[in-house]
Amino acid sequence: MVVAVVAVLGYPIVNLVELSLQQYGLFQLLQHHGVYIGLGNFSQIFSDPIFWHTLLRTVLFTLVNVGLTMGIGMLIALLLARVSTWVRLIVTVALVLVWSVPPVVGVQVWSWMTNNQNGILNYALTQLHIGNFFEHNWYASTLSQYAMVTTLLVWGAVPFVAITLYAALSQVPHELVEAAQLDGANAVRIFKAVTVPVITPVLLILVSLSVIWDFSAFTQPFLLIGAGHQNPGNYLMSVYLFIEGYGETNFGLGAAISIVMLVIVAVLSIFYVRAMIRVGDE
Amino acid sequence: MRRKLSSRVGWNTVGLVVALFMVFPVYWMIATAFKSDSQINGFTPSWFPTQLTLAHFRAALATPGFWSDVKNSLIVVSTTVAIALALSFFAAVALAKYRFSGRKLIIVLVIGIQMLPQTGLLIPLYVVLDRYHEVEKLSGLVLVYLTFALPFCVWTLRGFMIGIPKELEEAAMVDGASRLGAFVRILLPLLGPGLVATSVFAFITSWNEYIFANTLLGAGHTQTITLLLADMTGGERAIDWGAVMALSTLISIPVVIFFLLVQRRIAFGLTAGAVRG
């Protein structure tokens, strides 16, 4: 049984490394084996400006998304600690409801809300006199496309962060907070000196998970921007990988891109993995 | 006192506004699904559905391929859940109860795979499945979903198992129960919540999955329900938003129900007990 689990989990990784060193196109797919070309795929990626632009775009995208998710999640968690019990119940139900929305459904709802013909967003913004958004197309520029993708992603990711952080906040000992208050510390100082140290392990785990999820986001950017509107000027890493590897049936190159991506994520999430392995070894 | 009360009212108001903003897209989906076409397509959106209609739900159910896609999704999901549950159960027993060589390797693999971006495995899995002629087949998709569901299931079940004191099992065996008897009467009931949580997790991830279904089933006639939903807005023809929202609502219902049941335990599994929710 254990062997079966190792096989299911380990086999794709071994295969991935093997593929990345091969020329593996449509012809090789039909033959079921590739031609070894050493590090050719990697040198091709690293000399491709599209790769570097995509990497930079993805890093920026991840920074913005993780920052917003963690920031808003933390604010909602702090808010949950201050409201009455019945309000907390309502907010929690709202969060769980949002959390459970399937990603593809989320995409469809957002594209309906932001469509330029009769989307509710343009109507609401115009009604609130924020500007004239009549038939405003939110998908006209790359920046605006990613503003939409970010809103959707953060909306979907905040509930998990907020609920987990609230659980962590409720573990902060009351006596510590009261003692700090008696010593004359203000709210900001108490948060920094008392609350943050207690919740740091949870914060780190949440940041690691968010980094992994956002760095490799595919469904939302691919579908919200639209499969037909993906181009080298707006690629994210996963989309680049999908189009170069699967779309162009160049599986060796795709595998090499995957490895680069996996290494970056592994470096970024090393903390989480180490902490989890420690838990698992107990 | 008075100041404290008024600040409480202030925070409550902020809380309700936040809840309203968060939940609005969900409300808008359901409201649109029940609105008449003239209400949906008018240039002035109406905040509430005034003439309720089921026409969009009928249209969604009548979408070509709807029933066969639902059937495909259910086959994939139930097979994944059943196999994931059986495999992860035994793996978790091994990890929680026994020390053996290679144990560390398995822990590293389980956690490592969970951390890998799933898109990173798209290429190797596609090539492997193609080699064994499992592309454009539901069985191939089940294999892929197992790769993703197993780590989480093993990990979460292991957490539940460690929480059960060894003495319970031993006491039952001292009282004359066999190892199997002790297991069925003592361990299984205590593991119940863990088994429910892991099956729901496996259910939701495979029901929601898009990119692998899209790649592996591809242009074939076999589709899952998420692919059907994504395709409804993919083409160049005019989009029937009422039907799209009705189908979205239908797809979300099982997920929401199951998710409400086990939300706490899934958060617990993802953070491996770092937080006691």
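Which pattern does chain B follow when read along the sequence? Read in that way, chain B of this predicted model follows the pattern α-α-α-α-α-α-α-α-α-α-α-α.

**Figure 1. Chain B, its secondary structure and its extent.** The secondary structure of chain B comes to twelve helices, with zero strands. Along the principal axes, the C-alpha atoms of chain B fill a box of roughly 75 × 70 × 35 Å. Chain B has a radius of gyration of 24 Å, whereas a compact globule of 277 residues would have one near 19 Å.

**Figure 2. Helices α4 and α9 of chain B.** This view shows helix α4 (residues 66-97) of chain B against helix α9 (residues 179-208) of chain B, whose axes come within 9 Å and cross at roughly 145 degrees. The crossing in which α4(B) passes α9(B) is right-handed. On the side of α4(B), the contact is made by S73(B), V76(B), V77(B), T80(B), V81(B), A84(B), L85(B) and S88(B), and on the side of α9(B) by L195(B), T198(B), S199(B), A202(B), F203(B), S206(B) and W207(B). Sorted by class, the residues of this contact of α4(B) with α9(B) divide into nine nonpolar and six polar, with no charged residue.

**Figure 3. Helices α4 and α8 of chain A.** Two packed helices are described by the angle between their axes and the distance between the axes. Here α4(A) and α8(A) pack at an angle of about 40 degrees, and their axes are 7 Å apart; the two helices are therefore oblique to each other. The crossing of α4(A) past α8(A) is right-handed. From α4(A), the residues F61(A), V64(A), N65(A), L68(A), T69(A), M70(A), I72(A), G73(A), M74(A), I76(A), A77(A) and L80(A) meet Y146(A), T150(A), L153(A), V154(A), A157(A), V158(A), V161(A), A162(A), L165(A), Y166(A) and L169(A) of α8(A). The contact of α4(A) with α8(A) comprises 19 nonpolar and four polar residues, and no charged ones.

**Figure 4. Helices α6 and α8 of chain A.** In this close-up, helix α6 (residues 103-113) of chain A and helix α8 (residues 142-169) of chain A have axes that come within 11 Å and cross at roughly 130 degrees, which makes α6(A) oblique to α8(A). As α6(A) passes α8(A), the crossing is right-handed. The residues that make the contact are G106(A), V107(A) and W110(A) of α6(A), together with M148(A), L152(A) and G156(A) of α8(A). By class, the contact of α6(A) with α8(A) holds four nonpolar and two polar residues, and no charged residue.

**Figure 5. The interface of chain A with chain B.** Across the interface, 79 residues of chain A are in contact with 80 residues of chain B. With eleven residues, helix α1 (residues 2-20) of chain A gives the most to the side of chain A that touches chain B. That side of chain A has 60 nonpolar, 17 polar and two charged residues. For the complex, the predictor gives an ipTM of 0.87 and a pTM of 0.87.

**Figure 6. Predicted confidence along the two chains.** Chain A averages a pLDDT of 87, and 93% of the residues of chain A score at least 70. For chain B the mean pLDDT is 83, and 92% of the residues of chain B reach 70 or more. Among the elements of chain B, helix α3 (residues 55-61) of chain B has the highest mean pLDDT (92), while helix α5 (residues 103-115) of chain B has the lowest (73). Over residues 273-277 of chain B the pLDDT stays under 50, and for these residues the model has 15 contacts beyond four places in sequence.

Notes: Residues numbered from 1 in each chain as written. Chains lettered and ligands numbered in written order. Predicted model: local features only at pLDDT ≥ 70, side-chain atom pairs only at ≥ 80, totals over all residues. Contact = placed C-beta atoms within 7 Å. Helix = DSSP H or I, 4+ residues; strand = E, 2+ residues; numbered from the N terminus. Nonpolar A, V, L, I, M, F, W, Y, C, P; charged D, E, K, R; others polar. Axes fitted to C-alpha atoms, helices over the stretch in contact; angles between N-to-C directions. Parallel < 35°, antiparallel > 145°, perpendicular 65-115°, else oblique. Left-handed = near helix turned anticlockwise from the far one by under 90°. pLDDT = per-residue confidence, 0-100. Rg over C-alpha atoms; globule rule 2.2 N^0.38 Å.
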